[in-house]
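Biologist: I am new to this structure and would like to learn how to read it. Could you take me through a few features, with the general idea before each case?

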Amino acid sequence: MLKLILCEFQKLKRRHFLLLAALAACLFPFPVTILVKGSETIDGSFDTILFMLMTWISVPLMVPALAGITASMLFNMERDNGTLKNLYAIPISWRHLAGAKIAVIFTLSVIFTMTTYLAALIAAALTGASVTGIAAKLCASFLVGIFYASITLPAVFFVIWFNRNTVFSTLSAIVYAAILEMLVWSGIYTLSAGGPDRDMWKFQLWNVPMMIFRWFPYFIDTGQPAADPSAALFVPLWQITAVSAAIAGISICLILQIGKRREV
Amino acid sequence: MGGYIIETKNLTKQYGVRKSVANVNIHVRQGRIYGLLGRNGAGKTTTMKMLLGLTQPTSGEVRLWGKPLAGNERRLLSRIGSLIESPGFYPNLTATENLRIFATLRGVPNRHAVKDALELVGLPYQDKKLFSQYSLGMKQRLAIALAVMHDPELFILDEPVNGLDPIGISKMRSFIRQLCSEKGKTILISSHILSEISLLADDIGIIHNGVLLVEESLSVLESQNGRYLRLGVSDASQAACLLETALHTKQFWIDDDRNLRIFDPSLSPALVSETMFRGGLSLYELHLCEDTLEDYFKRVTGGEGIA
Ligand SMILES: Nc1ncnc2c1ncn2[C@@H]1O[C@H](COP(=O)(O)OP(=O)(O)OP(=O)(O)O)[C@@H](O)[C@H]1O
Ligand SMILES: [Mg+2]
């Protein structure tokens, strides 16, 4: 299986899009840091910058787009170039092949969030912000990558299901990413619009991107969440893990199922 | 069973209502070159895909080395090198990178396998050229390299000379013959070009509209099927009835309302003329004609009187 995954990375060679994505991950933190530093309402700590990047500005848009586009590349590539017959004749089953591709999607997502983390760390250090809890934040960044990759998988399934050309698949991935980003914005709007006695049982607050948004600060601030006045907002790790795992599990089952019936 | 490398039992593939391959029984023997001959859309590729487990047969069975393919894919397929339809490679990679991927996935132990395979088909090893920049012939060669790379015992090659220039074709031919004669490999090769097959194959199967019409060794085909009887009679359709009822043969072809050809080698001119007289038909002409293999192929695949 490891061989298969490494080969999937080989197949992405000379796809410059991935370099662009990596570049975006590196660059995003710098303008955000500068903006936050210049602002008077937001405190410019490393925590806040990372929180904004991971759950609000960069990752919710970039990771689903990156993962979705990479997935459509990986899956369409085999179909468009007639390489499936060579693979099946080895024999490599669809299960293994699709499994390897999904592993690549997860890996790239995590690489993206880790790069964002590192870049944010450097940006924070350069601007002289205090940096604490490096390990917990690294762990949180890793998990954010996993969660966002998980909730991109339904889009991957639909891309495979529709079985269209790369332009259509890429556009779908971008639209899906934009929807996720919009969920975060509408959730934040709902939060800030309501007072302390706001209604917590709204869809705007209980979709996965918003759950990640509400889990992240709780997780990196491992001290005393209960002491925080807005503790009711926080989502524990197990909830977000369970939801993403369920979404990922169902999507993976569907992906494995749909390819099995297709013949070359 | 008799030690066939490939044996199919009533292999059938149905797409929608149409049978692309119908009850095909192929027998490929060890160390021979088997040519599967058929016109476009005859079902060659579909048959080969089923032999490789790329598509599931609607019914029937594929046996390789005496074992059913279904359930033994891992063990059996690794002994086969194949080329199906157009070459399939990643356009953003070089030839070497492409082969490396497949060598890794196949677990080819020989570290020089990629280089050797490329040398064998005459492609450069250290080349920056991407697969997408390759010409059709070069792509085809790369596909052959992929098929030979893991040194399989059996080759299944679907129109391997497609896109090659004449020199390339003749090289490919001697290469395939070498594989068979020097290394003892078994080869199943398909083509719609008769001359290609007749220059290469030991055994021939002719497939038409999904039906395997003939399966015979080339030498037998050449000796036996080159002959037919040409008949001029007063009423061709009545003569056709007579042939079917009295002589129990369907191997004939009605040219027009007065002329027929009989291809059944077991029928002598004397027997045919006698039957015609008994049936009350007047026989104007009776010729024993020689057929080239080309005529034979045309007749078998394009003729109407062949059941
Ligand atoms: N996936 C498919 N769905 C529906 N029909 C198919 C499919 N694949 C093949 N066919 C049909 O099966 C028949 C046989 O096709 P096949 O590709 O086996 O022919 P072939 O002998 O390889 O022809 P050629 O010399 O053109 O390569 C054709 O009529 C084709 O239209
Ligand atoms: Mg074909």
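Modeller: Start with a term: a nonpolar core is a set of buried Ala, Val, Leu, Ile, Met, Phe, Trp, Tyr and Cys residues joined through side-chain atoms within 4.5 Å. Buried means under 20% relative accessible area, exposed over 50%, and partly exposed in between (1.4 Å probe, protein chains only). This is a predicted model, in which local features need pLDDT of at least 70 and side-chain atom pairs count only at pLDDT 80 or more, while totals for chains, interfaces and linings use all residues. Residues are numbered from 1 along each chain as its sequence is written, chains are lettered from A and ligands numbered from 1 in the order in which they are written, and side-chain values use heavy atoms, with hydrogens and water left out.

Biologist: Which residues touch the most other members of the largest nonpolar core?

Modeller: In soluble globular proteins, nonpolar side chains tend to be buried together. Here the largest nonpolar core has 166 residues, and Trp215(A) and Ile156(B) touch the most other members. Helix 7 (residues 94-127) of chain A gives the most to this core, 14 residues. Helices (H or I, at least four residues) and strands (E, at least two) are DSSP runs, numbered from the N terminus. A second, separate core has 16 residues, among them Leu231(B) and Leu267(B).

Biologist: What is Ile156(B) in contact with, leaving aside its neighbours within four places in sequence?

Modeller: Contact means heavy atoms within 4.5 Å. The partners of Ile156(B) include Ile6(B), Met48(B), Ile80(B) and Leu188(B).

Biologist: Which residues of helix 10 of chain B are buried?

Modeller: An α-helix has 3.6 residues a turn, so residues three or four places apart point the same way. In helix 10 (residues 269-278) of chain B, the buried residues are Val272(B), Ser273(B), Thr275(B) and Met276(B). Seen down the helix axis, they fall within an arc of 160 degrees, so they line one face of helix 10 of chain B; the arc is taken from the directions from the axis to the C-beta atoms. On the other side, Ala270(B), Phe277(B) and Arg278(B) are exposed. The cover over the buried residues includes helix 9 (236-246) and strand 15 (283-290) of chain B. Just after helix 10 of chain B, Gly280(B) has a positive phi of about 80 degrees.

Biologist: How many salt bridges does the rule find across the interface of chain A and chain B?

Modeller: A salt bridge is a side-chain nitrogen of Lys or Arg within 4 Å of a carboxyl oxygen of Asp or Glu. The rule finds two across this interface. Glu97(B) and Arg14(A) meet in a salt bridge (3.0 Å, N to O).
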